[in-house]
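The following report describes selected features of one protein chain. Please keep the sequence and the structure in view while reading.

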Amino acid sequence: MANLKAEIFELNNGTMQVLVSNLGCTIISLSVPDKDGVLSDVVLGLDSLDSYQKGLAPYFGCIVGRVANRIKDGKFTLDGVEYSLPVNRPPNSLHGGHVGYDKKVWEVVEYRKGETPSITFKYHSHDGEEGYPGDITVTATYTLTSNTTLRLDIEGVPKDKPTIINLAQHTYWNLAGHNKGNILDHSIRIPANHVTPVDQNTVPTGEIMPVKGTPFDFTSEKRIGNTINEVGLGYDHNYVLDCGEEKAGLRHAAKVRDPSSSRVLNLWTNAPGMQFYTANYVNGVAGKGGAVYEKHAALCLETQGYPNSINQPNFPSIVVRPDERYQHTMLYEFSIESS
């Protein structure tokens with residue numbers, strides 16, 4: 001494993017182009033056409049893999065794990081055994097600890113070009129890594145399934161011990177272009193009638209709260225800037241994906257629209273929740289091509305199991321046992337839609 005080096009690979013089908021690295025399975029850039037056919041890169045990123053390895057990106061574009069989001073106080077109990085995790089975002093453990101999957105160089109096991117180009121990355125996570133129990137093998141496959149659709153399939157297989165797995169894709173999206181300022185004019189629809197409200201440390205309280213009549217209601221498409229000032233620093237909340245339409249075993253998680261370019265992103269997933277995050281903590285990050293990213297420069301749509309699920313018995317379980325496998329699919333469909 002030690003001799004793996006971080007590299008960048010291209011997926012290109014003639015309409016969209018994605019650059020992805022085996023460092024954290026990171027989407028470095030993703031370019032899709034606007035209403036005039038002009039390609040723009042719509043994901044935040046850094047200029048060099050070196051910058052990612054130095055930790056200069058706040059989880060730009062990567063896969064986070066073994067458990068995405070926050071685990072309260074960095075502690076959980078599984079089958080009567082208590083485990084302690086690194087408290088890397090005090091007082092909680094965030095996105096897998098100090099050295100999560102986003103900071104690992106994954107092995108490239110398959111790389112295909114052609115009309116439906118794809119790449120598959122693999123990582124062996126060992127028992128005790130960042131405090132988590134059990135060896136697991138994780139694979140992640142990015143595929144351009146059609147002209148303007150990217151699919152990500154993630155699988156986690158435990159070896160011989162039960163564990164917890166909850167992986168998320170942490171790309172920061174700005175459909176106007178990564179260097180085009182904030183996303184307050186983007187509109188979003190999230191087919192979720194409930195959110196999981198959080199305490200002062202951004203950990204869910206365990207409540208499942210109806211969004212109706214609150215600033216969290218995106219069941220109808222709404223401009224993000226209209227209500228963002230009513231929710232503290234901005235949105236950083238897990239939505240319960242309970243009312244989206246379904247297709248091919250996936251449910252609709254979000255529709256995002258940028259009025260300036262007419263670009264639309266529809267996200268479909270099999271995960272029960274989605275963290276909607278409006279880059280509240282991004283502050284003067286030196287990005288690619290000389291861009292400087294400020295607060296609300298992008299939005300994240302992290303489909304996931306609910307945060308801190310392992311400590312909330314009423315949340316869907318993220319426990320995976322040796323005879324089971326974790327499977328998470330995301331479908332990112334881009335299109336053009338004038339308002």
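Leaving aside neighbours within four places in sequence, with which residues is Tyr-239 in contact? The model is predicted, and in it Tyr-239 is in contact with Ile-190, Ala-192, His-194, Val-195, Val-211, Phe-216, Phe-218, Pro-272, Gly-273, Met-274 and Phe-276, such neighbours being left aside.

Tyr-239 also belongs to the largest nonpolar core, which has 59 residues. Among the residues with the most contacts inside this core are Tyr-239, Leu-30, Trp-173 and Phe-334. Strand 12, residues 136-146, gives the most to this core, with 5 residues. A second, separate core has 20 residues, including Ala-6, Tyr-52, Tyr-277 and Tyr-293. In soluble globular proteins, nonpolar side chains tend to be buried together.

Strand 7 pairs with strand 8 (residues 81-84) in the antiparallel sense, over 4 bridges. Val-81 in strand 8 is the bridge partner of Leu-78. This hairpin has 2 residues between the strands, and Asp-79 takes a positive phi near 50 degrees.

Asn-280 is placed in the loop between strand 25 (273-277) and strand 26 (285-286). Asn-280 counts as buried because its relative accessible area is 7%, under the 20% cut-off. The table gives two distances that involve its side chain.

| Side chain | Partner | Distance |
|---|---|---|
| Asn-280 | Thr-278, side chain | 2.7 Å |

Terms used
Residues are numbered from 1 along each chain as its sequence is written. This is a predicted model: local features need pLDDT of at least 70, side-chain atom pairs count only at pLDDT 80 or more; totals for chains, interfaces and linings use all residues. Side-chain values use heavy atoms; hydrogens and water are left out. A nonpolar core is a set of buried Ala, Val, Leu, Ile, Met, Phe, Trp, Tyr and Cys residues joined through side-chain atoms within 4.5 Å. Buried means under 20% relative accessible area, exposed over 50%, partly exposed in between (1.4 Å probe, protein chains only). Contact means heavy atoms within 4.5 Å. Two strands pair if DSSP finds at least two bridges between them. A polar contact is a pair of N or O atoms within 3.5 Å; within protein, one must be able to donate a hydrogen and the other to accept it, and residues adjacent in sequence count only if both atoms are side-chain atoms.
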